[in-house]
Amino acid sequence: MKSPVRLYSDINNTLRIESFYHIIAEPGKDQWSFPLHYHSNLLEISLVTAGKADFECSRVKYTLKSGDLIVKNAGVLHSEVSSPEEGFEQYCLGIGGVQMPGMPPDTMVPEGISPVRSEEH
């Protein structure tokens with residue numbers, strides 16, 4: 001049985017969209033990468049819409065493909081490298097001011113839970 005749905009309401013009006021990126025690396029032409037880094041005051045949500053890329057998040061490596069989503073909590077080391085053969089497209093949204101009940105600021109995924117949502121993870 002699935003756990004009940006938890007709703008988050010921004011009753012204090014603290015949510016901020018800090019960044020929004022649309023990244024495209026064409027197959028056979030481009031390879032996109034972003035080195036290991038973290039954000040202290042925001043979390044990122046990335047949706048892969050085409051191709052494939054290797055993501056590292058909290059020292060765990062994931063290969064994401066079209067339709068996969070990854071949440072990178074504030075303070076979590078992460079990096080990305082696109083597949084040069086298959087290309088890559090993603091939308092990445094940086095959000096600050098997230099305060100989920102019982103969790104640190106700018107955290108959506110509890111420690112020990114996979115940050116990836118897909119049919120395979």
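This is a predicted model: local features need pLDDT of at least 70, side-chain atom pairs count only at pLDDT 80 or more; totals for chains, interfaces and linings use all residues.

**Labels and their cut-offs**

Q: Why is W32 called partly exposed?
A: The relative accessible area of W32 is 22%. Buried means under 20%, exposed over 50%, and partly exposed in between (1.4 Å probe, protein chains only). So W32, at 22%, is partly exposed.

Q: What makes W32 and F88 a stacked pair?
A: Rings of Phe, Tyr and Trp (its six-membered ring) pair if their centres lie within 6.5 Å; planes under 30 degrees apart count as stacked, over 60 as edge-to-face and the rest as tilted. W32 and F88 are 6.2 Å apart centre to centre, with 20 degrees between the planes. The pair is therefore stacked.

Q: Which parts of the chain does this pair link?
A: Distant ones, 56 residues apart: W32 lies in the loop between β1 and β2 (33-37), and F88 in strand β7 (residues 88-96). Strands (E, at least two residues) and helices (H or I, at least four) are DSSP runs, numbered from the N terminus. F88 is buried, at 3% relative accessibility.

Q: How many aromatic pairs are there, and which residues do ring pairs link into a cluster?
A: The count is four aromatic pairs. Ring pairs join W32, F34, F55 and F88 into a cluster.

Q: How do you know that C57 is in no disulfide?
A: A disulfide is a pair of cysteine sulfur atoms within 2.5 Å. By this rule the count is zero. For C57, the nearest cysteine sulfur is that of C92, 11 Å away. For C92, the nearest is that of C57, also 11 Å away.

Q: Are C57 and C92 buried or exposed?
A: C57 is buried, at 4% relative accessibility. C92 is buried too, at 4%.

Q: Why is S19 called buried, and what is it in contact with?
A: Its relative accessible area is 14%, so S19 is buried. S19 is found in strand β1 (residues 16-25). Leaving aside neighbours within four places in sequence, S19 is in contact (heavy atoms within 4.5 Å) with C92, L93 and G94.

Q: Why does M103 count as buried?
A: M103 has a relative accessible area of 19%, under the 20% limit, so it is buried. Its place is in the loop between β7 and β8 (116-117). Beyond neighbours within four places in sequence, M103 is in contact with M108, V109 and P110.

Q: What sets S58 and R59 apart in accessibility?
A: S58, at 46%, is partly exposed. R59, at 71%, is exposed. S58 has a positive phi of about 55 degrees although it is not a glycine. Phi of R59 is positive too, near 65 degrees.

Definitions and conventions. Residues are numbered from 1 along each chain as its sequence is written. Side-chain values use heavy atoms; hydrogens and water are left out.
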